[in-house]
Amino acid sequence: MTCTSVGIVSGDRTGFVQKGELVFVESFDAWYSREHDRLIATLVLTTGDIDLAVEGVDEACSRALERWERVGAMDSPSGWVYRVAINHARRVARRRTMEQKFFQKSVPKPDLPAPAGELWDLVASLTVRQRQVVILRHVAELKETEIGAVLGISRGTVSSTLHDAHQRLGRLLDDDNES
Amino acid sequence: MSELTRRSQALIDVPLVPSPPLEYLQSRSRQRHHRRRAITVGLLGLCVIAAFSIAKIGNSTPSLSAKSKTSNTDVQLVSYYKAAVTVSNSTLAAVGLPANVEIPTKVVPSLSTVGTNGVVSYVGAEYCPFCAIQRWALLVALSKFGTFTSLDKQVFSSSSDVYPRLASWSFVGAKYSSPFFTFQPTELSSSTPNNAGGYRSLEKMSSAQRRAFNKYNRQGGLSFVDIGNHYVTLGASASPAVLEGLTLGNIGNELGDPKSPVAQAIDGTANYLIAAMCTMAQKTAPSICSSPTTREAAKALGLGVSPTSEISGGKSAPTQPPTNAPLSVWKKWSGAEHKYLLVAAANFRNPNPACTILKISVNGTRLTRPVLGIPKGVTDWAISIMGKCGPK
């Protein structure tokens, strides 16, 4: 994709020429200050680990900043960043597990502080796929098509997974309220 | 699921961690690039090491050069050998550059002869009278850059050839170590006649030597000295007549006397050889490389600058255009990269003296998808090196 900065700035948005068309892209600063906390919350509830979430989000944001002309012009810049963050967090988690196996030491995962801890307890019983879909839908507030793009699955799969997760969470919330 | 959204809103309203500043994200980017570069360089290094290791395992044929052991060690030789290796810089300066000494020829290095980059190569024969005097000069010159051991086989050139029975020694079994370059001597034949009217075969040239020998010495005469694929001498650089009738003792004594014909011929040749070898001693060259005589010899060699400096200082790699540059700019860059790599490959210097370069080539790959910022459709070039390592 050919991107050329033309230096047209309109509020928080900057104009770029892409494929011969002038496209306005939100500035990284504005997007970052709006989305960072939501990204962290999403990753924390997806991974159940604050350190992992921070690592994933920082890495994804730094990559997004590097190529913001391209990422910012996407239909869902946040979707791209979630995808990179989740993949990076997964890689880091895998590396940590291997290191722990190699050095034969077990590092207990620290408990999440409230209210993240309570929410994690709620979603931890879901399958990994269900948890990711539910969190991306209700915390990251992505559309089903965007979730499909983030996780590399079809929209139909997102819908059915979301349906199953809702049913399960509904039961859990009912139990919560009863107790 | 508004309940989940409501509960998670608290996480966004009261963030778990503060947002790091943009400078932190930028520094992460820089670190990532450095890490990638380090990994790429490391992997390339590993590939080279692996290639050499595989070649080493696969190569079980021992080198011929170190096999022969002398049977007729001459006690005298030690002292004359010492006389040759201790010719002082002042003696060499006093001898200077005699007019009757032939100047080594500068050659244009090519890909086919790249195997002798970083190598001083000698091809001769024990019967050959021209080799007899050239060995002496080589010994004087090489001793300024390293140390010989096991140089203990006295020989005489053929008694039925021109300049009969010149006193010299053989490089068979000789070992030389230098921090600047490798010395690869090959004595093709002995001075012992065989039944076919020739001389008994001794050693064979390495493939790299053979390529350089065939390219730079089309008439096939002996001796042939190749200094780092940049300078060659064919035959003797001075007349072997000066050695006629002299014993090893006489020659050793005369090497220290600048006015003697022997010193004029041998030390004078050595001065040119030293100047050529200095071009291979890149960093901490020995003090003789900065002597007035060597500088004068270097001028005569037509150097001006070290040919090895072409790699780092002469031409630099073309700068990669930005990813969004037009294809025509990328194609121009590809052409420039190809030319640069051809020069770099021709000047490639073997980093491991124990190994020999068998083949070096520059190969192009037309990219079918963008790789490392290079768009598809552009031909990317890379140097490919194959080598083998002999037993230590």
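Two residues are in contact here if their C-beta atoms, placed from the backbone, lie within 7 Å. With that in hand, the two chains of this predicted model can be looked at in turn. In chain B, 74% of the contacts with a separation of 6 or more join residues 24 or more positions apart. For chain A the corresponding share is 57%.

Chain A first. Its 179 residues include 37% that count as buried. It has 3 strands and 8 helices, and reading along the sequence gives β-β-β-α-α-α-α-α-α-α-α. As for confidence, the mean pLDDT of chain A is 81, with 80% of its residues at 70 or more. Strand β1 of chain A (residues 3-10) has the lowest mean pLDDT among the elements of that chain, at 46, while α2(A) has the highest, at 92. The pLDDT stays below 50 over residues 1-7 of chain A, a stretch that has 17 contacts in the model beyond near neighbours in sequence.

Next, the place where the chains meet. Chain A puts 27 residues into the contact and chain B puts in 20. On the side of chain A that touches chain B, at least two residues come from each of α1 (28-47), α2 (50-66), α5 (116-123), α6 (128-138) and α8 (155-178). By type, the residues on this side of chain A split into 16 nonpolar, 6 polar and 5 charged.

Now for chain B, which has 392 residues, 38% of them buried. Its elements come to 11 helices and 13 strands. Five strands of chain B make an open sheet with mixed pairing, in the order β1-β11-β10-β2-β7. Strands β1 (105-106) and β7 (182-187) of chain B sit at the edges with a single partner strand each, so one side of each has no neighbour in the sheet. Further in, β10 (residues 224-227) and β11 (residues 231-234) of chain B pair in the antiparallel sense over 4 bridges, with B:Ile227 opposite B:Tyr231 in β11(B).

Two helices of chain B go with this sheet. Helix α5 (residues 129-142) of chain B lies across β2 (119-124), β7, β10 and β11 of chain B, and runs at about 160° to β2(B). Helix α6 (residues 207-216) of chain B also packs on the sheet and touches β2, β7, β10 and β11 of chain B, but its direction makes about 70° with that of β2(B).

There is a hairpin in chain B as well. Strands β8 (residues 189-193) and β9 (residues 199-201) of chain B pair in the antiparallel sense over 2 bridges, and B:Pro193 has B:Tyr199 in β9(B) as its bridge partner. Between β8(B) and β9(B) are 5 residues, and B:Gly197 in the turn has a positive phi of about 90°.

In soluble globular proteins, nonpolar side chains tend to be buried together. The largest nonpolar core in this model holds 77 residues, and those touching the most other members are B:Ile133, B:Ala137, B:Val140, B:Ala141, B:Ile266, B:Leu273 and B:Met277. Helix α8 (residues 261-278) of chain B gives the most to this core, with 12 residues. Neighbours within four places in sequence aside, B:Met277 is in contact with B:Val120, B:Ala141, B:Phe145 and B:Ile227. A second, separate core has 44 residues, including A:Leu52, A:Ala89, A:Ala116 and B:Leu25.

Key. Residues are numbered from 1 along each chain as its sequence is written. Chains are lettered from A and ligands numbered from 1 in the order in which they are written. Two strands pair if DSSP finds at least two bridges between them. Ala, Val, Leu, Ile, Met, Phe, Trp, Tyr, Cys and Pro count as nonpolar, Asp, Glu, Lys and Arg as charged, and the others, Gly among them, as polar. A residue is buried if 20 or more other C-beta atoms lie within 10 Å of its own, exposed if 12 or fewer, and partly exposed in between; C-beta atoms are placed from the backbone. Axes are lines fitted to C-alpha atoms, for helices over the stretch in contact, and angles run from 0 to 180 degrees between N-to-C directions. pLDDT is the predictor's confidence in each residue, from 0 to 100. A nonpolar core is a set of buried Ala, Val, Leu, Ile, Met, Phe, Trp, Tyr and Cys residues joined through C-beta atoms within 7 Å.
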